[in-house]
Number of protein chains: 2
Amino acid sequence: MTTEQRQHIFSGRPSGVSVWKQIAETLGTEIRDRAFSLTGRLPSETELAARFRVNRHTLRQAVGALQLDGLVRIEKGRGTFVQHELLDYTLSRRTRFSENLLRQGLLPSKQLLTAHEMAAPLRMAKELGLEMGAPVLMVQTLDEANGHPIGMATAYYPAMRFNGLLDMLSDGSSSTDILRHFGVEDYVRAKSQITTQMPSDETARLLKQPATRPVMCVECLDVDMQGRPIKYGETVFCGDRVQLVVTPDSVA
Amino acid sequence: MTTEQRQHIFSGRPSGVSVWKQIAETLGTEIRDRAFSLTGRLPSETELAARFRVNRHTLRQAVGALQLDGLVRIEKGRGTFVQHELLDYTLSRRTRFSENLLRQGLLPSKQLLTAHEMAAPLRMAKELGLEMGAPVLMVQTLDEANGHPIGMATAYYPAMRFNGLLDMLSDGSSSTDILRHFGVEDYVRAKSQITTQMPSDETARLLKQPATRPVMCVECLDVDMQGRPIKYGETVFCGDRVQLVVTPDSVA
DNA sequence: GATAATTTGTGCGTATGTATG
DNA sequence: CCATACATACGCACAAATTAT
């Protein structure tokens with residue numbers, strides 16, 4: 001490899017660039033080239049130090065610089081994890097799950113977890129403009145990118161207006177298509193609220209992330225073009241793999 | 001108190017409404033009236049069960065309903081915490097710290113933590129349109145609402161353009177005022193990126209929140225009306241007290 | 001670091017009132 | 001009137017997480 005050779009160059013005669021900077025440069029390039037995307041994890045400091053034939057202190061300085069640049073995330077006792085592959089989930093007026101991922105060259109997929117009718121609790125009823133206890137249809141899915149889970153989405157639709165929606169889910173039609181069947185040609189995101197919390201063990205298991213790492217919770221309200229509430233949603237995003245992005249609505 | 005009387009009514013003769021629903025109603029009203037805002041914490045289940053003279057199971061059903069409505073957050077081993085007082089921090093094109101809080105009737109304040117010049121690391125340089133290693137001015141503040149810390153903000157300004165900015169900080173002038181001094185009449189938020197993580201012990205201490213609860217990190221870029229980058233910022237928001245809100249830009 | 005106290009989570013069993021047929 | 005099913009409420013005990021000592 002060329003990497004080890006740099007070290008030799010420096011050893012023979014000072015090149016003017018400190019060793020840790022050379023290593024940081026090399027590792028940074030490799031990370032950007034998706035060299036560690038299989039595990040999402042860097043080799044241990046000991047292994048890397050051996051590979052570059054430097055002391056572990058030197059290597060730590062290099063990796064520390066990578067962390068400053070946001071390329072990796074160092075976790076005491078666990079390891080060093082590639083951070084650049086954070087999936088950008090854009091929150092805009094026209095937020096759509098599939099479009100959002102396809103734009104980044106990722107393959108979106110969903111797994112249906114549960115779907116049933118229930119009574120709306122207070123807050124949800126308010127958001128949807130219903131009476132408390134009014135029937136709503138709950139649809140829970142596991143959202144994936146390239147087959148890896150990125151979030152668990154729970155959507156609530158007014159049962160009154162979307163009667164029969166649950167039967168259409170098995171067909172695999174997209175939610176946009178299903179809504180169109182009910183006369184909703186288009187809809188927009190009226191509001192998103194973002195909080196953070198620790199996942200339940202069950203959620204962590206579903207998202208395939210450690211229960212010691214936090215998740216982001218996005219509560220949102222979608223309305224049709226007449227401003228009528230269509231869907232109230234709660235999505236739990238995997239904190240390790242997802243980054244929410246807010247930009248002024250470029251798409252009109 | 002009237003609360004205990006309800007229980008008596010039920011004991012003597014069924015009122016038609018289940019006990020746990022009555023208790024949930026009562027507690028919900030008290031929470032909305034800021035009855036527990038001193039500690040932000042509900043009495044223990046044992047205490048509440050004694051107060052309402054019901055079994056702990058019955059009380060738990062009531063409190064569980066409050067959690068479904070988003071009024072409280074239950075934490076195993078810690079207690080039950082009032083959740084409604086989440087501060088809404090709006091992320092929009094015209095995001096301003098002070099305006100954001102004043103709109104909710106909260107008193108904004110800032111404490112200067114550190115301020116010095118440094119070399120821009122890779123990512124920041126890219127965002128600000130600078131060469132890597134170019135000098136930037138770093139200003140770190142603790143942001144408060146009504147005297148309670150809500151976030152730790154780190155702002156980076158190109159040193160070239162804002163030479164002398166650090167000296168103006170002690171005056172207590174708002175950052176908007178300071179920027180105006182440098183010819184920046186107005187500026188807008190170009191982008192915000194939201195991630196979540198666990199706080200360092202130091203950060204948790206500053207934010208006065210448990211180190212076991214996550215924080216939200218917002219990276220943002222502010223640009224002037226000519227689209228030139230003005231400020232790159234990283235804010236760590238207290239996950240327990242802050243909720244980020246994204247709405248389509250109503251303010252044009 | 002170890003221990004005890006506090007607090008929420010869960011399971012079992014029992015009893016009662018209500019709705020259904 | 002009786003049988004059944006379901007929701008509600010109580011009592012006791014222990015597990016699990018957190019905090020204080």
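A residue counts as near a strand here if its C-beta atom, placed from the backbone, lies within 6 Å of that strand. Keep that in mind as you click around; this is a predicted model.

**Stop one: the DNA.** Select DNA strand D and bring up what surrounds it in chain B. You'll find S18(B), V19(B) and W20(B), then V54(B), N55(B), H57(B) and T58(B). Color by class and you get 6 polar, 4 nonpolar and 2 charged residues.

To see the contact, show E45(B), T46(B), L48(B), A49(B) and F52(B) on helix 3, with R56(B), L59(B) and R60(B) on helix 4. That contact has 4 nonpolar, 3 charged and 1 polar residues.

Most residues other than glycine have a negative phi. Now jump to N146(A), in the loop between strand 5 (135-145) and strand 6 (148-158) of chain A. Its phi is positive, near 50°. Is N146(A) buried or exposed? N146(A) has 12 other C-beta atoms within 10 Å, so it is exposed.

Finish in chain B with N146(B), found in the loop between strand 5 (135-145) and strand 6 (148-158). N146(B) isn't a glycine, yet its phi is positive, about 50°. N146(B) is exposed, with 12 other C-beta atoms within 10 Å.

Key
Residues are numbered from 1 along each chain as its sequence is written. Chains are lettered from A and ligands numbered from 1 in the order in which they are written. This is a predicted model: local features need pLDDT of at least 70, side-chain atom pairs count only at pLDDT 80 or more; totals for chains, interfaces and linings use all residues. Ala, Val, Leu, Ile, Met, Phe, Trp, Tyr, Cys and Pro count as nonpolar, Asp, Glu, Lys and Arg as charged, and the others, Gly among them, as polar. Two residues are in contact if their C-beta atoms, placed from the backbone, lie within 7 Å. Helices (H or I, at least four residues) and strands (E, at least two) are DSSP runs, numbered from the N terminus. A residue is buried if 20 or more other C-beta atoms lie within 10 Å of its own, exposed if 12 or fewer, and partly exposed in between; C-beta atoms are placed from the backbone.
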